[in-house]
Every structure is written in C-alpha cells, then in structure tokens.
Amino acid sequence: AAGSTRTPKCKTYSGKNDVRYKVPLLLALKTENKKVEQESSQDYLTNSSKTKENPAIVRNRQIIDLGRQQKWKDILLLYEREGDDFNRINYATTMNQLGKMRSLDSTLERLFITFLNDLINKLKLWGVSWMGARGV
C-alpha cells in the first residue's frame, strides 16, 4: 500500500566493505564453485567414457602440432597412413602446414606428389568449394 515501508527480509549491513558482508558472500561463492567443479568433473568423466572425440579433429590437431615442429615428413606419413579418412579440413590443414616448407627434401618428393595428386583428384571431383576455398 501507499506510504507503507517494507522491512527487508534479510539482515542489511553498512556496505560492501563491511566484513560481515564479505565473509558470508565469499563462503557462499566458494561453496558454489566447489559444487560446479564437482558437477563438471562428473560430467567429464561420464561423457568422456561414453563418447569418443571425432577422429578428424584429433587428426587435425596432429597435423598442426607436426607443422609447428616442422616435421613435414611426419605429416606426409600421417597422410600416407590415414589419407583415406582425411576430410576437407584435414586436406586444407595439411596443405597449409606444408606450405610453410622452405624446400622439399628428395626423400619427401614421392609422398608430397601423392598427397598433391590425391588433393587434385578430390578438387576435380567435388570442386574448389568442397575445401572451403573461393579460388586457387
């Protein structure tokens, strides 16, 4: 009603700098954080055992890691082993990483040409847009 004042349901303190305000708030936040951490770790444990990570994503990470280490031969050997399972992103990432090579070692030539021929055949079959490129 008009003119009536409501009394607060909880105890009020003089301000945020008041220790009586901070301590219960910090304890409440700490308790809530522990609950969230426990729940998320439980979700992680149950979900990770039920679902496997997408192999194409794992492969892409491998390609990037090998590229950072400048292990061009290992990238090409990975392609030789798993090339049948490469998706368009794996092809694009491989091409990106191999584009950083300064020179082509003669021992890599066969693997590199195989990779390029396979990539060209995919592009002929599905077009440049398949790889997410607008042009070459």
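**Figure 1. Overall fold of the predicted model.** Helices (H or I, at least four residues) and strands (E, at least two) are DSSP runs, numbered from the N terminus. On that basis the chain has five helices and zero strands. The model shown is predicted. Read from the N terminus, the order of elements is α-α-α-α-α. The chain holds 136 residues, and 21% of them count as buried. Consider the contacts between residues at least 6 apart in sequence: 53% of these join residues at least 24 apart.

**Figure 2. The stacked pair Y91 and F115.** A pair of aromatic rings is described by the distance of the centres and the angle of the planes. The structure holds five aromatic pairs. One of them joins Y91 and F115, with ring centres 5.9 Å apart and planes at 25 degrees. Planes under 30 degrees apart count as stacked, so this pair is stacked. Y91 belongs to helix α4, residues 88-98. F115 belongs to helix α5, residues 109-126. The pair therefore ties together parts that are 24 residues apart in sequence. Both Y91 and F115 are buried. Y91 and F115 also belong to one aromatic cluster, together with Y79 and F86.

**Figure 3. Packing of α4 against α5.** The axes of α4 and α5 are 12 Å apart, and the two helices pack at an angle of about 135 degrees. That angle makes α4 oblique to α5. The crossing of α4 past α5 is left-handed. From α4, the contact draws on Y91, T94, M95 and L98. From α5, it draws on F112, F115, L116, D118, L119 and K122. Sorted by class, the contact of α4 with α5 has seven nonpolar, one polar and two charged residues. Y91 and F115, the stacked pair, are among the residues that meet here.

**Figure 4. Surroundings of T94.** T94 sits in helix α4. Its relative accessibility is 1%, so T94 counts as buried. Neighbours within four places in sequence are left aside here. T94 is then in contact with I63, I75, F86 and F115. Of these partners, F115 lies in helix α5. F86 and F115 are also members of the aromatic cluster. T94 itself is one of the α4 residues that meet α5.

Figure 5. R59 is placed in helix α2, residues 55-68. Its relative accessible area is 6%. Buried means under 20% relative accessible area, so R59 is buried. Residues up to four places away in sequence are not counted in this view. R59 touches L78, E82, D85, F86 and N90.

**Figure 6. A56 and its partners.** A56 lies in helix α2. A56 counts as buried, at 12% relative accessibility. Leaving aside its neighbours within four places in sequence, A56 is in contact with N87 and N90. N90 is also a partner of R59. A56 and R88 are 32 residues apart in sequence. In space, C-alpha to C-alpha, A56 and R88 are 9.6 Å apart.

Definitions and conventions. Residues are numbered from 1 along each chain as its sequence is written. This is a predicted model: local features need pLDDT of at least 70, side-chain atom pairs count only at pLDDT 80 or more; totals for chains, interfaces and linings use all residues. Side-chain values use heavy atoms; hydrogens and water are left out. Rings of Phe, Tyr and Trp (its six-membered ring) pair if their centres lie within 6.5 Å; planes under 30 degrees apart count as stacked, over 60 as edge-to-face and the rest as tilted. Buried means under 20% relative accessible area, exposed over 50%, partly exposed in between (1.4 Å probe, protein chains only). Axes are lines fitted to C-alpha atoms, for helices over the stretch in contact, and angles run from 0 to 180 degrees between N-to-C directions. Angles under 35 degrees count as roughly parallel, over 145 as roughly antiparallel, 65 to 115 as roughly perpendicular and the rest as oblique. A crossing is left-handed if the near helix is turned anticlockwise from the far one by less than a right angle, and right-handed if clockwise. Contact means heavy atoms within 4.5 Å. Ala, Val, Leu, Ile, Met, Phe, Trp, Tyr, Cys and Pro count as nonpolar, Asp, Glu, Lys and Arg as charged, and the others, Gly among them, as polar.
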